[in-house]
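Here is a note for a colleague who is opening this structure for the first time. Please read the points below with the model in view.

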Amino acid sequence: MNRTTLSLIAGTTALAAVTGFAALSQPDAPGARTTAEAAAQLPVERTSLLCPAPSTSEIAETSYTSFTPVTKGTGGDGEAELRAAAEQSADGPAAGEEDGASDGKTGKRTGKQTGKQTGKQTEKPVLTPKEPGKPVTGDSSGSEAPALVGTADGRFAPGWTVQETTEVAAGTGRGLQGVNCTAPDTNFWFPGVSTEADRTDYVHLTNPDDSAAVVDIELYGKDGTLKSAVGEGLTVQPHSTDPVLLSTLTAEKQAGLTVHVNVRSGRVGAAVQALDDNIGGDWLAASADPAGSLVLPGIPKDATSVRLVAFAPGDADADLKVRLASPSGLITPAGHETVHVKGGMTTAVDLGDVTRGEAGSLVLTPTDRSVPVVAAVQVVRGKGDRQESAFIPATRPVGTRATSADNSAKGSTLSLTAPEGAATVKVTASAGSEGGTPVSKTYTIKAGTTQDIEPPVPAGLKGTYALTVEPVSGGPVYGARTLAAAEGGVPAFTVQTLPDDRGTVAVPEADEDLSVLQK
């Protein structure tokens, strides 16, 4: 091995440990080890998370919960903190101009675009975790709560998870709104947004870096692309956040749209806040990357309405088989056996009360040829004027480990599904934020089923706690956690999916002693 090859391996190992991705590979050869066999799982060394500004409501009450699971091989050093993002993005109005988005004709900004930050940076971190394995919490109230930018390194980086939960007692979007703070990226898909009059949907863009990010926002409806001259080339200033009101990007009023956030330069965190005048509101997290088969786990058993929204990004049409993973197995909803999604167009299907009083997860698979799609469901609980809504996007499997923060002794439901084969998982309840002893339990999920689990609770719990889900054996597992609270007779709830927390990364191993260099 020459010095150039050694440098490449060393550089790739360092990059993988920081970013969570390894990029060194070579074509398979007969007798050669596979990538998985030739890779070691090492803890990531640095993680970034971005939390959107939680609410524009003056009566909003927001809690933040930060948690890092204990991960072997991390050592004793490291730290984590969340700070407020700087307030004004480059697309914000100059002095004397009205706050809002462009009208698409004159270039002037129209409509109040609330939720922008004010430009001040907090002197102290909002949250500073003390040790892995124990949650730390913080709270804020009103409409001035900022977006947060966070970093964790060393022992705090692997699996670092932050949950933002907001309660709004009245008004548009009232109810419980929750979102997992996300890592910055360059590509996001959000099926299920709306520009209709009874919906107020913002896509929140947060830039954690020292240079500006340039972003395109594309809207796709039932007939294809919605024309918008103002969604292109949006600039998000360094260390700032910018909520963009989607109804200001197009004159068309449609429900069941798909938003694509594409970052031309830099990177951002992105999440959609969907607020409804009649059925509350919640955050819509990005769908898993386009794929031929998708799983949407954790539909509440008492859902009164489930609406599936799917989009095929390419030119090819997708024909999908629709099945519900119930407690007894995979079933096909009557009248909704398949769904046809035209290429470049969004399709919405009302599935009604598809769960019929039982836990459920949607499983979408190709009927024939596999065509990549993205998807999400809007779920409604309650009836009449006492309804509340939430969103569940297609998600990645639990993988090595998934982490959920901000659980309480009551009101948390863990939903797990194993669509391809039976699986055994270990669920661990962490110590409480103010006291308590961790507890673990093992569960077996039968093939093709969904199980709602009342998660274990730490012994002597005080405060909130976190859950980790770790597959032990069997096929892939998908999960979601539901938080529920009754507010004035309204069944308030929010659902967060449980993809792999990316606490470890596969790093190629050398086939020989790297201390011996060939000249």
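**Notes on selected local features**

1. Arg502 is placed in the loop between strand 38 (490–497) and strand 39 (504–508). In this predicted model, the phi of Arg502 is near 55°, which is a positive value in a residue other than glycine. With a relative accessible area of 41%, Arg502 is partly exposed.

2. Arg356 may be looked at next, in the loop between strand 25 (346–352) and strand 26 (360–366). Although Arg356 is not a glycine, its phi is positive, at about 50°. The relative accessible area of Arg356 is 67%, and the residue is therefore exposed, since the cut-off for that class is over 50%.

3. A further arginine, Arg381, deserves a look for its position beside a ring. Arg381 lies over the face of Phe493, at 5.1 Å from the ring centre.

4. How many disulfides does the structure hold? The structure holds 1 disulfide, and it is formed by Cys51 and Cys181, whose sulfur atoms are 2.0 Å apart. A disulfide is a covalent bond between the sulfur atoms of two cysteines. The torsion about the S-S bond of Cys51 and Cys181 is about 110°, and the disulfide is therefore right-handed.

5. The location of the two cysteines can be followed along the chain. Cys51 belongs to strand 2 (residues 46–51), whereas Cys181 sits in the loop between strand 10 (175–180) and strand 11 (187–193), so that the pair ties together parts that are 130 residues apart in sequence. Are these cysteines buried or exposed? Cys51 counts as buried because its relative accessibility is 0%, and Cys181 counts as buried at 8% relative accessibility.

6. The aromatic side chains form a separate topic, and the structure holds 4 aromatic pairs. One of them joins Trp189 and Tyr220 in a tilted arrangement, with 6.4 Å from centre to centre and 40° between the planes. This pair links distant parts of the chain, as Trp189 lies in strand 11 and Tyr220 in strand 13 (residues 213–221), 31 residues apart.

7. Which residues form one aromatic cluster with Trp189? The cluster consists of Trp189, Tyr220 and Phe311. Trp189 has a relative accessible area of 8% and is buried, and Tyr220 counts as buried as well, at 14% relative accessibility, because buried means under 20% relative accessible area.

8. The last topic is a sheet, which is open and is formed by 4 strands in the order 29-36-31-33, with antiparallel pairing. Its edge strands are strand 29 (402–407) and strand 33 (439–445), each of which pairs on one side only. From one strand to the next, the twist averages 25°.

9. Strand 36 (residues 465–474) is joined to strand 29 by 4 bridges, and the two strands run antiparallel. A residue to start from is Ser404, which stands opposite Leu467 in strand 36.

Definitions and conventions: Residues numbered from 1 in each chain as written. Predicted model: local features only at pLDDT ≥ 70, side-chain atom pairs only at ≥ 80, totals over all residues. Heavy atoms only, no water. Pairing = 2+ DSSP bridges. Axes fitted to C-alpha atoms, helices over the stretch in contact; angles between N-to-C directions. Disulfide = S-S within 2.5 Å. Buried < 20%, exposed > 50% of the residue type's maximum accessible area, 1.4 Å probe, protein only. Phe/Tyr/Trp six-rings, centres within 6.5 Å; stacked < 30°, edge-to-face > 60°. Lys NZ or Arg CZ within 6 Å of the ring centre and 35° of its normal.
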